[in-house]
Amino acid sequence: MMNGKKHIISAAKVTLALAVCAAISLSCDKKETESPLPEPFQPEKTVEFEIKTSDVTTWSAKLEITPSEDSAPYYYGVISKDDEALKTDDALISSAIEHLQEVAALYESDYTAIAKSKASVGSVSAVKDGFSSETDYYAYAFAFSEDYLRGNSLVKTAFRTGKVESVDCSFSIDITGVG
């Protein structure tokens, strides 16, 4: 029984000694140190893009994207002119990257692998669809940073989808041979 009491007393002495040491070390160094400010983002490469839209219909458009650096990975898409992500260029880039992060989380995949699989290199010609008629859009492209967590060199090209045209048509149905 005596050994159990000695063990409890020893543990209490050790705990008290640790608390005193922690209090002394915290009170001894009250000098504040300045943390260095984060470096502003500097793009690895400045990539220029030429974006052409053609064959614009009420619900689709053909995009032709040509980067100035053929080897630079980039991301492109289309966004409605009314979208909140368009408030600033950084907001648009962040929104696109957040979307890729959500896709990676949804598929429980590595973000960098998803971003690399969605990145384009070299010229691209693609038809995008699913638009609303009589709506203003921007086709956009930006270069990925080396870690695919940031982007730079955003270029936007505006276009507007067409109006739905009504078509006059008539038809007749003849039913024969019934019964």
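Predicted model: local features only at pLDDT ≥ 70, side-chain atom pairs only at ≥ 80, totals over all residues.
Strand β2 (residues 60-67) and strand β4 run antiparallel and are joined by six bridges.

Within β4, aspartate 129 is the bridge partner of serine 60. Three strands make up this open sheet, in the order β1-β2-β4, and their pairing is antiparallel. At its edges stand β1 (49-54) and β4 (124-129), each of which pairs on one side only. On average, neighbouring strands of this sheet are turned by 25° against each other, direction ignored.

**The sheet of β3, β5 and β6**

A further open sheet of three strands has the order β3-β5-β6, again with antiparallel pairing. Both β3 and β6 (151-160) are edge strands with a single partner strand, so one side of each is left without a neighbour in the sheet.

| Strands | Sense | Bridges |
|---|---|---|
| β3 and β5 (residues 136-144) | antiparallel | seven bridges |
| β5 and β6 | antiparallel | eight bridges |

Isoleucine 79 has tyrosine 138 in β5 as its bridge partner, while alanine 141 stands opposite valine 155 in β6. Helix α2 packs on the sheet and touches β3, β5 and β6; the direction of α2 makes about 100° with that of β6. Strand β3 (residues 74-80) is mostly covered, as five of its seven residues are buried.

**The nonpolar cores**

Which residues have the most contacts inside the largest nonpolar core? They are Tyr111, Tyr140, Phe142 and Phe144, in a core of 21 residues. The elements that give two or more residues to this core are β3, α2 (89-106), α3 (111-118) and β5. Helix α2 supplies the largest share, seven residues. Apart from this core lies another, of 17 residues, including Ile65, Phe131, Tyr137 and Ala143.

In a regular strand, the side chains alternate between the two faces of the sheet.

Leaving out residues up to four places away in sequence, the contacts of tyrosine 140 include Ile51, Tyr75, Val78, Leu92, Ala96 and Leu154.

**Aromatic rings and a charge**

The structure holds eight aromatic pairs. One of them joins tyrosine 137 and phenylalanine 159, whose rings are stacked, at 5.7 Å centre to centre and with 20° between the planes. Tyrosine 137 lies in strand β5 and phenylalanine 159 in strand β6, so the pair ties together parts that are 22 residues apart in sequence.

Are the two members of this pair buried or exposed? Residues count as buried under 20% relative accessible area. Tyrosine 137 has 8% relative accessibility and therefore counts as buried. Phenylalanine 159, with a relative accessible area of 8%, is buried too.

Ring pairs also link Tyr75, Phe142, Phe144 and Tyr148 into a cluster. Two of these residues, Phe142 and Phe144, were named above among those with the most contacts inside the largest nonpolar core. Finally, lysine 156 lies over the face of tyrosine 138, at 5.4 Å from the ring centre. Tyrosine 138 is also the bridge partner of isoleucine 79, and lysine 156 is one of the residues that tyrosine 140 touches.

How values were computed
Residues numbered from 1 in each chain as written. Heavy atoms only, no water. Buried < 20%, exposed > 50% of the residue type's maximum accessible area, 1.4 Å probe, protein only. Helix = DSSP H or I, 4+ residues; strand = E, 2+ residues; numbered from the N terminus. Pairing = 2+ DSSP bridges. Core = buried A, V, L, I, M, F, W, Y, C linked by side-chain atoms within 4.5 Å. Contact = heavy atoms within 4.5 Å. Axes fitted to C-alpha atoms, helices over the stretch in contact; angles between N-to-C directions. Phe/Tyr/Trp six-rings, centres within 6.5 Å; stacked < 30°, edge-to-face > 60°. Lys NZ or Arg CZ within 6 Å of the ring centre and 35° of its normal.
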